[in-house]
Amino acid sequence: MNKELEEIIKIYATKSHKEFNQYLSDLSKNSLIAVLTDLLTLYMNDQNSSTLREFLTVKLAGYEHETDKLGYNGYKTIAYGKSIKCEAKPKNIKSEGRKKLNGGGNFTDYTFERLERDIREDINMLISGFVDGKLIYVIEFPFRCETFVKKLREQLEKRFPKGDITGQYLRSASFSYKDYINCDSLKVIYLLPKKELEKFKNYIVRDFYKFLLERADDK
């Protein structure tokens, strides 16, 4: 972590707002740029918090971001005052690691009850992928997509063959691009231009990369 950033964090948490503002005003423009860059790099790559990645995903798709951890991640108003909700699943990988983006995500502590609620609410899914905090894609599709629901239901049936058990959960209901790639109404909300996307080829599973490349802008 940038030493200047360490000092700023310490002052922000232990000193008055006046002292904090004074410290910032004494920094040079280059120092402020370096600190902000370091802060964003840390935050965008934080493995324990996806808040910033989630926020960016939701906003780029045209939704208002919701911070309530117990609800959905965003909403937007559509025709006649009706609103639609979204569930964002941002995924970030490190370039020096072995994991690759596969257009996937997961639901934690899942149940049949939650599955039926998500179907009933008719939400949209927002799937995004990052490499070292760099946004590669944002994909949107209806949760009700048949193959997507099928994948989640199969995992629940394996964990709870007789239905939900009070106090027990499926810890992780996972999915990949294969489970929604043919969904009706699928939209590519954001995608790097083709030349830029090619730089990240090694960090994306082969067939999913082909899917993205076919939809990437040449510019």
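**Notebook: a predicted chain**

I began with D122, which at 32% relative accessibility counts as partly exposed; the term covers values between buried, under 20% relative accessible area, and exposed, over 50%, with a 1.4 Å probe and protein chains only. The model is predicted, so I note that local features need pLDDT of at least 70 and side-chain atom pairs count only at pLDDT 80 or more, while totals for chains, interfaces and linings use all residues. Residues are numbered from 1 along each chain as its sequence is written, and side-chain values use heavy atoms, with hydrogens and water left out.

**Entry 1: two aspartates in loops**

I located D122 in the loop between helix 5 and strand 5. Helices (H or I, at least four residues) and strands (E, at least two) are DSSP runs, numbered from the N terminus. D122 is not a glycine, yet I found a positive phi of about 55 degrees for it. I then looked up D132, in the loop between strand 5 and strand 6. D132 also has a positive phi of about 55 degrees without being a glycine, and its 33% relative accessibility makes it partly exposed.

**Entry 2: the whole chain**

I counted eight helices and eight strands in the chain. The C-alpha trace spans about 60 × 45 × 45 Å along its principal axes. Of the 219 residues, 37% are buried. I computed contacts as heavy atoms within 4.5 Å; among those with a separation of 6 or more, 62% join residues 24 or more positions apart. For charges, I found 39 positive and 33 negative side chains, the centres of the two sets lying 4 Å apart. Here Lys and Arg count as positive and Asp and Glu as negative, with His and the chain ends not counted; each charge is placed at NZ of Lys, CZ of Arg, CG of Asp or CD of Glu.

**Entry 3: helix 6**

Which residues of helix 6 are buried? I list F148, V149, L152, Q155 and L156. They lie on the same side of helix 6, because they cover an arc of only 130 degrees around the axis, taken from the directions from the helix axis to the C-beta atoms. These buried residues pack against strand 4 (105-110), helix 5 (112-121), strand 5 (124-131), strand 6 (134-142) and strand 7. On the face turned away from the buried side I noted the exposed residues E146 and K158.

**Entry 4: Y137 and L212**

I placed Y137 in strand 6, where its 0% relative accessibility makes it buried. Leaving out residues up to four places away in sequence, Y137 touches several residues, including I127, Y190, F208 and L212. The C-alpha atoms of Y137 and Y190 are 5.1 Å apart, although 53 residues separate the two along the chain.

Beyond four places in sequence, L212 touches Y137, I139, L191, L197 and I204.

**Entry 5: S176**

I ended at S176, in the loop between strand 7 (170-175) and strand 8 (187-191). Is S176 buried or exposed? S176 is buried, because its relative accessible area is 13%. With residues up to four places away not counted, S176 touches N102, G103 and G104.
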